[in-house]
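Reader: Can you walk me through this one? I'd like to start with how the chains meet.

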Amino acid sequence: MSRLWRNRRAFAGITVVGIRTFFTYRSLVTFFMVSMLLQVYLLKVVWTAIYGSQPRIDGVSIQTLIVYLTLTNVQLHFTFSDVPRLVRNRLREGQVATDLTRPLGFPAQLVANQLGGTIAGLTLLLPALPLALFLGGLSLPASPVAGLLYMGSLGLAYLIELLIGMIVGLIAFWTLEIWGIQVILGFVSRFFSGALVPIWLFPGVLRKVAEVLPFQAIASIPASIFIGRISGRGVVDAIGLQGIWIVLLLALAAWVWRRAQRRIVVQGG
Amino acid sequence: MDALRISFAFAGAALRTEVQYRLNLLLGIGVGLAFQITGFLFIWVALSRFHSLGGWSLGDIAFLYGLRLTAHGLWLIPLNRLVELDEEVRQGRFDVYLVRPLNPLLQFTTIRFRINVLGDVVGGVVLFAAATRLVGIDWSPPAVGYLALALIGGAALEGSLQLACSAMAFRWLDTWGLRLMLDDVFSNFGNYPLHIFGGVSQWLLTFVLPLAFVAYLPATVLLHRTGELSIHPLFAYLAPLVGAACFIAACCFWMRQMRNYQSSGH
C-alpha cells in the first residue's frame with residue numbers, strides 16, 4: 001500500500017493513458033455499445049413474448065423484469081474488464097519487460113489502466129442510458145435505501161470483474177495465448193451472471209451451478225437489490241457473498257501473480 | 001471451368017495448411033461452438049418452464065435456430081476470408097490478385113481458409129438434426145428439395161450482405177464495425193420467430209434488412225406455419241430466390257467497388 005502511495009503520480013499517469021487509449025478505439029467502442037443496446041431490445045421482446053398474458057412470474061412483473069435485464073446488461077457493459085487483452089498484448093510484444101522495471105508494480109499498472117478505461121467509458125452513459133430506457137426499460141430503484149445499497153453492491157461487482165480479469169490475464173504468463181479461454185469465459189460468465197435469464201428462473205441444476213459461481217455477483221446481485229427482489233436481511237447476505245468472493249479472488253490473484261513472476265518469458269527483449 | 005478447378009486447388013491447399021495446427025483447429029472449432037451453445041442455452045432455459053414463445057415450441061425454435069446456423073456456416077465456408085479484406089487492401093497486398101489471370105474475388109476467397117467456421121457448421125447440423133426429431137416433419141421429396149434450396153438461399157443472402165459490406169473496404173479501408181454489426185444482428189435476431197417483434201421491427205427485418213428470408217420464412221414453410229404470416233405466403237416460398245438474387249447483385253457490386261482499389265506501400 002505504501003508503495004502504491006509513493007507512486008501515486010505514476011498510477012494517475014497510467015490512468016490517463018487508459019482514458020486516452022479508450023478514445024482511440026472509437027469504432028470498436030461504438031460497436032459494443034450498439035450491440036449491447038440491441039441485446040437489451042431483443043431480451044425485452046423475447047421475455048414479453050414468453051410472459052404472454054401472465055401478469056407475474058415468481059412474483060416479478062414483466063415491467064420489473066425488463067428493468068432488471070436492462071440494468072444487468074448496461075452494468076456488464078460498463079464494468080467490463082479489459083485486463084486480459086492488455087496483459088496478453090504486453091506479453092506478446094515483450095513490453096512486459098519495461099512494465100516490470102517500473103517502481104509501480106505490474107498489477108497496480110493493470111488496475112490503473114482498467115480504471116482509466118472505465119472512467120472514459122462512463123462518458124458514454126449519457127447516450128446509453130436514454131437509449132436503454134427507450135429500447136429496454138428503466139425505473140427508479142425500489143426504494144431510496146435500495147438505490148444506495150445498489151450503488152455499493154455495484155462497486156463490489158466492479159471489483160469482482162476486475163479480479164477475474166486479472167486472474168485470466170495472468171494465465172497468459174504460462175500460455176501466452178489466452179484468446180480461447182477469454183472468449184469461452186465470456187460466454188459462460190454472461191450466461192451465469194443472470195443477464196439473459198434471471199437466476200431465479202433457472203431450472204434446478206443450473207441454478208445450483210449459478211449460485212456457486214462468482215458471476216452472479218457481477219450482474220444479478222446488484223440489479224436484484226435495485227428492483228427490490230433482494231431486500232431486508234437478504235441484502236446483507238448478498239453483499240456478504242460479494243465480500244467473500246472479493247477475498248477469495250484477491251487471494252487467488254495474489255497467488256497466481258507470485259507464481260507468474262517466476263514464469264515470465266520476455267519475447268524479443 | 002479452369003477458374004473453378006484452380007480455385008478448388010487453392011482451397012484444398014489452404015485447408016491442408018490449417019489442419020497442420022491441430023490444437024488451434026480444435027480451439028477454433030470449440031470457440032465457434034461455444035458461442036452458438038450459449039445462444040441456444042438461453043432459449044432452452046427460458047423455454048424450460050414456459051414451453052412456448054409466440055406460439056412456437058422449443059422444437060420449432062430449435063429447428064429455426066439450426067436452419068439459420070447451418071446457413072450461416074454455409075456462407076462462411078466459401079467467404080470466410082472477407083474479414084481479412086480490410087487488412088489486405090490497407091497493406092496493398094490485393095495487388096497480387098489483380099495481376100493473375102483469374103477472377104480476383106475467387107482468388108482472394110480461396111487462397112486461405114479460417115478453420116473456426118467449421119464450428120458453426122457442425123453446431124448447426126447437429127442442432128438441426130436433433131430438432132427435426134422434436135418437430136416431426138414429413139420429409140417428402142418437395143420438402144427436402146425446398147430445404148436444400150432454402151439453406152443455399154439463406155447462406156447466399158447473409159453472404160451477399162457481408163460481401164457488399166466488405167466491398168466498401170476498397171473505398172473506406174475499414175469495414176470492421178459494419179460487418180460485425182451485421183453479424184451481431186443476424187446471430188441475435190435471426191434465431192427467433194420474427195412475428196414476436198411485431199409491427200415496424202418485423203417489417204424492417206423483412207424488407208430493409210432481409211433477415212426474415214434467411215431462416216424464419218423458410219421455417220414457416222417447412223413447419224406448415226405460413227398461415228400466421230402477416231405477408232403473403234408466396235414470399236416465404238420464394239425465399240431461396242431472394243437469396244440468389246441478392247448474391248448475384250452483391251458479386252457485381254463487389255467487382256465494381258474493386259475498381260476503387262488504390263495500392264499502397266510499394
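Reader: How many salt bridges cross the interface of chain B and chain A?
Author: The rule finds one. A salt bridge here is a side-chain nitrogen of Lys or Arg within 4 Å of a carboxyl oxygen of Asp or Glu. This is a predicted model, where local features need pLDDT of at least 70, side-chain atom pairs count only at pLDDT 80 or more, and totals for chains, interfaces and linings use all residues. Residues are numbered from 1 along each chain as its sequence is written, chains are lettered from A and ligands numbered from 1 in the order in which they are written, and side-chain values use heavy atoms, with hydrogens and water left out.

Reader: Which residues form a salt bridge, 3.0 Å apart at the closest N and O atoms?
Author: B:Arg49 and A:Asp58.

Reader: How much area do chain B and chain A bury between them?
Author: About 2700 Å², with 82% of it on carbon and sulfur atoms. Buried area is the accessible area (1.4 Å probe) that two parts lose on being put together, summed over both.

Reader: And how many residues does the contact take from each chain?
Author: Chain B gives 30 and chain A gives 31. Contact means heavy atoms within 4.5 Å.

Reader: New topic. What about the largest nonpolar core?
Author: It has 113 residues. Those with the most contacts inside it include A:Trp47, B:Phe42 and B:Phe197. Such a core is a set of buried Ala, Val, Leu, Ile, Met, Phe, Trp, Tyr and Cys residues joined through side-chain atoms within 4.5 Å. Buried means under 20% relative accessible area, exposed over 50%, partly exposed in between (1.4 Å probe, protein chains only).

Reader: What does B:Phe197 touch?
Author: Leaving out residues up to four places away in sequence, B:Phe197 touches residues of chain A, among them A:Tyr41 and A:Val45. Its partners in chain B include B:Phe189 and B:Leu205.

Reader: Back to salt bridges. How many does the structure hold over all chains?
Author: 14. One of them joins B:Arg179 and B:Asp86 (3.4 Å, N to O). B:Arg179 lies in helix α10 of chain B and B:Asp86 in helix α4, so the pair ties together parts 93 residues apart in sequence. Helices are DSSP runs (H or I, at least four residues), numbered from the N terminus.

Reader: Are B:Arg179 and B:Asp86 buried or exposed?
Author: Both are buried. In another pair, A:Arg102 with A:Asp99, A:Arg102 is partly exposed at 35%, while A:Asp99 is buried at 2%.

Reader: Which residues are linked in a network of salt bridges?
Author: B:Arg81, B:Glu84, B:Glu88 and B:Arg93.

Note on methods:
Helices (H or I, at least four residues) and strands (E, at least two) are DSSP runs, numbered from the N terminus.
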